[in-house]
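Student: I have a model open and would like to go through its residues and its packing. Can we work by question and answer?

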Amino acid sequence: MSERVVFEYALLRVVPRIERGECFNAGVLVYCRAKSFVAARTHLDEDKLRALDPEADAAGVRAALRAVEGVCAGGKAAGQAGLDDAGRRFRWLIAPRSTVVQPGPVHTGLTVDPEAEAERLLALLVR
């Protein structure tokens, strides 16, 4: 059996109307220092979005979620943050940046496979 390592994760929440404070989970960020791993898994439930704000910009929210995935993937296409190491990208992403797509608090756990953990958390906490 592989050794379990510490990982951190934060949910990505969609807050369509900030003045109402209503939100729902639309993704998860996972970071594992021991494996130099950072990834985002997202899923936008448009029915939930429309229930909270019938005039919400679903394409804009989807683009914001894709941008988070892009920063996790790294590289020049992700801008300056995409050139940083995995830990700095994760820290950059968990800092509040948007009123519509917001990171939640950071939690920790143990895993043998951070990528599988990202999928598990998406299924458990988002879908």
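Tutor: Buried means under 20% relative accessible area, exposed over 50%, and partly exposed in between, with a 1.4 Å probe and protein chains only. This is a predicted model, in which local features need pLDDT of at least 70, side-chain atom pairs count only at pLDDT 80 or more, and totals for chains, interfaces and linings use all residues. Residues are numbered from 1 along each chain as its sequence is written, and side-chain values use heavy atoms, with hydrogens and water left out.

Student: Does Pro 54 count as buried or exposed?

Tutor: Pro 54 sits in the loop between α1 (46-52) and α2. Helices (H or I, at least four residues) and strands (E, at least two) are DSSP runs, numbered from the N terminus. The relative accessibility of Pro 54 is 61%, so Pro 54 counts as exposed.

Student: How far apart in space are Pro 54 and Pro 16?

Tutor: In sequence, 38 residues separate Pro 54 and Pro 16. From C-alpha to C-alpha, their distance in space is 9.5 Å.

Student: Is Phe 7 buried or exposed?

Tutor: Phe 7 belongs to strand β1. Contact means heavy atoms within 4.5 Å, and, leaving out residues up to four places away in sequence, Phe 7 touches residues including Val 30, Tyr 31, His 107, Leu 110 and Leu 121. Its relative accessibility is 3%, so Phe 7 counts as buried.

Student: Which residues does Ile 18 touch, not counting residues up to four places away in sequence?

Tutor: Ile 18 lies in the loop between β1 and β2 and, at 47% relative accessibility, counts as partly exposed. The C-alpha atoms of Ile 18 and Thr 99 are separated by 6.4 Å, although these residues are 81 apart along the chain. Not counting residues up to four places away in sequence, Ile 18 touches Thr 99 and Gln 102.

Student: What is the phi of Ser 36?

Tutor: Ser 36 lies in the loop between β2 and β3. With a relative accessible area of 59%, Ser 36 is exposed. Ser 36 is not a glycine, yet its phi is positive, at about 50°.

Student: At what angle do the axes of α2 and α3 cross?

Tutor: Axes are lines fitted to C-alpha atoms, for helices over the stretch in contact, and angles run from 0 to 180 degrees between N-to-C directions. Angles under 35 degrees count as roughly parallel, over 145 as roughly antiparallel, 65 to 115 as roughly perpendicular and the rest as oblique. α2 and α3 are therefore roughly antiparallel to each other. Their axes come within 9 Å and cross at roughly 160°.

Student: How many residues of the contact of α2 with α3 are charged?

Tutor: The contact is made by Val 68, Val 71 and Cys 72 of α2 and Arg 89, Trp 92 and Leu 93 of α3. Ala, Val, Leu, Ile, Met, Phe, Trp, Tyr, Cys and Pro count as nonpolar, Asp, Glu, Lys and Arg as charged, and the others, Gly among them, as polar. The contact has five nonpolar residues, no polar ones, and, among the charged, one.
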